[in-house]
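Dear colleague,

Please find below the structure that I am handing over to you.

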Amino acid sequence: MVKVVRYGAPAVIGIAGIVFLIVGTSTIATTFGIVLIGIAVLVALVNVFARLSISSEDDRDREERARQTYSRTGRWTPRGRPGP
């Protein structure tokens, strides 16, 4: 379901914009098509930034666990190795 929203929504909006560009004969239809394509790009970028934000939080959580382990054991767990 998440993939449908993440990839489907921008795709449907972009396709609608392309249809307006191809089928539309007036300036308003062309403008509307361009706006829809721009909205599709913005929706895709919001999804990318949201995913980057979530992965950044995971990195911070891992770093905090490593610091707690260091405080407790006096050893820093090297990246890529499992902790104690």
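How many helices and how many strands make up the secondary structure of the protein? There are two helices and zero strands. Please keep in mind throughout that this is a predicted model.

**Overall figures**

The protein has 84 residues, of which 13% are buried. Its exposed surface comes to about 6,800 Å², with carbon and sulfur atoms supplying 66% of that area. Taking contacts between residues at least 6 apart in sequence, 31% join residues at least 24 apart.

**Helix α1**

Helix α1 covers residues 2-23. Its 22 residues should span 32 Å at 1.5 Å a residue, and the C-alpha atoms at its ends are 31 Å apart, so the two values agree.

For L36, which is 19 residues from G17 along the chain, the separation between the two C-alpha atoms is 4.8 Å.

**A nonpolar surface patch**

On the surface, a nonpolar patch is formed by I15, I18, V19, L21, I22, V23 and I34. Together these residues have about 670 Å² of accessible area. Helix α1 gives the most to this patch, contributing six residues. L21, a member of the patch, is placed in helix α1. Its relative accessible area is 33%, and L21 is therefore partly exposed, since that class lies between 20% and 50%.

**Helix α2**

Helix α2 runs over residues 27-73. The count of salt bridges comes to one. Which residue forms a salt bridge with E63? The partner is R67, and the closest N and O atoms of the pair are 3.2 Å apart. E63 and R67 are four residues apart in helix α2, so about one helical turn separates them. With a relative accessibility of 30%, E63 counts as partly exposed. R67 also counts as partly exposed, at 46% relative accessibility.

Y70 lies in helix α2 too. Is Y70 buried or partly exposed? With a relative accessible area of 43%, Y70 is partly exposed. Leaving aside neighbours within four places in sequence, Y70 is in contact with R75 and W76.

**In brief**

With kind regards

Conventions: Residues numbered from 1 in each chain as written. Predicted model: local features only at pLDDT ≥ 70, side-chain atom pairs only at ≥ 80, totals over all residues. Heavy atoms only, no water. Patch = residues over 30% accessible without salt bridge, like charges linked within 9 Å, V, L, I, M, F, W, Y side chains within 5 Å. Areas by Shrake-Rupley, 256 points an atom, 1.4 Å probe, with all protein chains shown as cover. Salt bridge = Lys/Arg side-chain N within 4 Å of Asp/Glu carboxyl O. Buried < 20%, exposed > 50% of the residue type's maximum accessible area, 1.4 Å probe, protein only. Contact = heavy atoms within 4.5 Å. Expected span 1.5 Å × (residues − 1).
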